[in-house]
Amino acid sequence: MKLRTGAVVAASAVLLLAAGCSGTGQPPSAQDAGGGSGTYGYNFTVVTHGAAGDTFWDVVKKGAEQAGTDEGVTVTYRDSNGDPARQAQLIDAAVNENVDGLVVSMANPDALRASIEAATAKGIPVITINSGQDRSTEFGALAHVGQDEGIAGRGAGAQMAAAGVTKALCVIQEAGNIGLEQRCQGFAEGLGGSVENLQVENSNPTGAQATIRAKLQSDPSINGVLTLGPVIGAAAITAVGESGSSAQLATFDLNGDVTQAIADGKMLFAVDQQQYTQGYLPIVMLTLYKANLNTIGGGQPVLTGPGYVTQENAAQVQELATAGTR
Amino acid sequence: MTTTLNPTPPPSAPPAADERVARVGLLRRLVLRPEIGSLIGAVILFVLFAVSSTQFYSLAGISNWLDPASLFGIMAVAVAMLMIGGHFDLSAGVLTGTAGLATAVMTTQWGLNIWVALLVSLVLCLGIGFVNGYLVTRTGLPSFIITLATFLMLQGLNLAVTKLITGTVSVGGMSQVPYFDTVRPLFASRISLFGVDFKIQILWWVLVVAIGAWVLAKTRFGNWTFAVGGDPVASRNIGVPAARTTITLFMGVGACAWLVGSLKLMEQTSVQTSQGFGEELIYIVAAVIGGCLLTGGYGSVIGAAIGALIFGMTSQGIVYAGLDSDWFKFFLGAMLLLAVLANQYVRRYAERSGR
């Protein structure tokens, strides 16, 4: 009997080891260090608040890993599923490992303060991306790479107003993310009309579709819908079709469905913060800093957006979105 | 703990009392402990991760994975005791968010003294635990359903009330609250050992585990918990105050949720409305890995602590091992499966050798 128990334990160990090996043995592009054109050999870690498998953050990941290959540096990408405590722990782990540089998205700056300051105190350069622009320099980060959510929201509002929208829904898909709230605020300012926020779950597009449909059916005076992510954007397209509403649609961020809808004229535009560059640029910036002490932006945020994808350029962007880099 | 389940010693003992039987008895007694499977698993995991990264077993590395382990571990104690008492609490994760949000709103928005706010939110959490327990005992509905309802309501309240009061989805600025400095040492200080900082929450965890283990093993209340979880009707018939025990166990979850919520709030100085969402499953996982039966009546607090340790080691060990984060959830699942299989194996072995 003792042997049998031992066998289970041994089998577990083998399984774990095998799984562990397949993780390190099958190198993702990040571990192709040196295979690219550059040969710097630095070791950078990217810690985001995104969820694994999220279409938006997967593009960021691709950007960072591609930059790693191009620059010949090792890039390790970590996500924390929107949990600030977890993100702080992941940053601490990277600091323990003495990485050469850190890239951090700061959706919840307060929670990350201690960890980021520990990194900078240890001389590890930090670049913040995506959100947390206001606090970036305060925490000692080298630079911030991202989109100003207020500016982007106002831009979206102005464009929708120009298209004749007077009463709009702003669909928030991630409770707890301040950046999304800022977009809706900016949107309300830019639109100048009435804006109602609607809470849905990004992980449940079908549910979101039903919620948006119900909202449109119950209030026919709504003539515009702004979604803040492409997954819900695609759900909103269907919802508008089902509800028989004539509301005009726009979204933040892209995927294949969204660009197709814009090309087909079912959606006005997408606000593109070009998150691929939010993954790519910090790796280049960190490499430049480590190799040549270059800093970019001089404390001002490096803005990756907003770019607008409209019917004119949708087809070209479509190809790139399908390839997962836009 | 397990002696309450098996009040009679091995019946084979008196006639054939040679040293062979004695040895089997000892092994069996060891293996019968609910936490033994998880302990083996934890040791294996530690070795595996230590082999793949030297950082993992460095002091800084240990401090790093004790961080998630302690936060989950505190909740796992209360959840394990509740599970031994035969119930679930799906609202446990979100309740940690409620605790933090309540304290943060009362201090930053209403200017309430931070100590008073902490006390009020403790009362709030205990109250929610009481309501859960009261509803479960009064209606006789499965705790799964009752606490699922609480879970959803709290999730909605956390978001709606916070937005109503503050206008945003996260409350920050705790560090500017008067007397924050008097609270911080208790919840968010660091203890430096050999130049490495350990968070004070680890001590809280040890304390909660010690209290939980003592209550379960040494007190009348602990016996009641096992009895109520094993057979509520029979226990009531022999005079165990079943309803009171169940309600107290739910309030224990409330108290721990308050502690974890406060620890997180003081550490991060901000709290978002989505905090804790989904963590209830991790507490249950920790309790189950630690040998608690989903059907109640069996389990241990020490085991749940080891379960939380396994979770902490895995969540950070994957990072140190340099595995692609896309694999994280798969690993967690595999770990859970292996731990539960090992537990089951050990238990079957124990049962068979008992005959």
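Which residues of helix H8 (residues 180-188) of chain B are buried? In this predicted model, the buried positions of that helix are B:Phe180, B:Val183, B:Phe187 and B:Ala188. Viewed down the axis of H8(B), these residues fall within an arc of 90°, so they line one face of the helix. The packing partners of the buried residues of H8(B) are helix H6 (114-139), strand E2 (190-193), helix H9 (201-218) and helix H12 (242-268), which belong to chain B.

Aromatic pairing was examined next. Over all chains, 18 aromatic pairs are counted. One of them joins A:Phe56 and A:Trp57, whose ring centres are 5.2 Å apart and whose planes stand at 75°, so the pair is classed as edge-to-face. A:Phe56 is buried, with a relative accessible area of 8%, and A:Trp57 is likewise buried, at 6%. In chain B, the rings of B:Phe187 and B:Trp258 have centres 6.1 Å apart and planes at 85°, so this pair is edge-to-face. Because B:Phe187 lies in helix H8 of chain B and B:Trp258 in helix H12 of chain B, the pair ties together parts that are 71 residues apart in sequence. B:Phe187 and B:Trp258 are both buried. A further aromatic cluster in chain B comprises B:Phe46, B:Phe49, B:Phe56, B:Trp65 and B:Tyr320.

The interface between the two chains involves 46 residues from chain A and 48 residues from chain B. The area buried between chain A and chain B is about 4000 Å², and carbon and sulfur atoms give 56% of this area. One salt bridge is found across the interface of chain A and chain B; A:Glu181 and B:Lys163 meet through their side chains in a salt bridge, at 3.5 Å from N to O. The number of residue pairs in polar contact between chain A and chain B, both residues at pLDDT 80 or more, is 11. On the side of chain A that touches chain B, the elements that each supply at least two residues include helix H1 (2-25), helix H2 (55-71), strand E2 (74-79) and helix H6 (178-191) of chain A. H1(A) provides the largest share of that side, with 13 residues.

Over all chains, the structure holds 16 salt bridges. In one of these, A:Glu149 pairs with A:Arg183, with the closest N and O atoms 2.8 Å apart. The pair links distant parts of the chain, A:Glu149 being in helix H5 (residues 149-162) of chain A and A:Arg183 in helix H6 of chain A, 34 residues apart. A:Glu149 counts as buried at 6% relative accessibility, and A:Arg183 counts as buried at 4%. A salt bridge also joins the side chains of A:Arg154 and A:Glu189, at 3.1 Å from N to O; A:Arg154 lies in helix H5 of chain A and A:Glu189 in helix H6 of chain A, 35 residues apart. Here A:Arg154 is partly exposed, at 37% relative accessibility, whereas A:Glu189 is exposed, at 52%.

In chain B, the closest N and O atoms of the salt bridge between B:Glu279 and B:Lys264 are 3.1 Å apart. B:Glu279 lies in helix H13 (residues 279-289) of chain B and B:Lys264 in helix H12 of chain B, so the pair ties together parts that are 15 residues apart in sequence. B:Glu279 and B:Lys264 are both buried. In chain A, salt bridges with shared partners join A:Asp110, A:Arg113, A:Glu117, A:Arg135 and A:Glu138 into one network.

Notes: Residues are numbered from 1 along each chain as its sequence is written. Chains are lettered from A and ligands numbered from 1 in the order in which they are written. This is a predicted model: local features need pLDDT of at least 70, side-chain atom pairs count only at pLDDT 80 or more; totals for chains, interfaces and linings use all residues. Side-chain values use heavy atoms; hydrogens and water are left out. Buried means under 20% relative accessible area, exposed over 50%, partly exposed in between (1.4 Å probe, protein chains only). Helices (H or I, at least four residues) and strands (E, at least two) are DSSP runs, numbered from the N terminus. The arc is that of the directions from the helix axis to the C-beta atoms. Contact means heavy atoms within 4.5 Å. Rings of Phe, Tyr and Trp (its six-membered ring) pair if their centres lie within 6.5 Å; planes under 30 degrees apart count as stacked, over 60 as edge-to-face and the rest as tilted. Buried area is the accessible area (1.4 Å probe) that two parts lose on being put together, summed over both. A salt bridge is a side-chain nitrogen of Lys or Arg within 4 Å of a carboxyl oxygen of Asp or Glu. A polar contact is a pair of N or O atoms within 3.5 Å; within protein, one must be able to donate a hydrogen and the other to accept it, and residues adjacent in sequence count only if both atoms are side-chain atoms.
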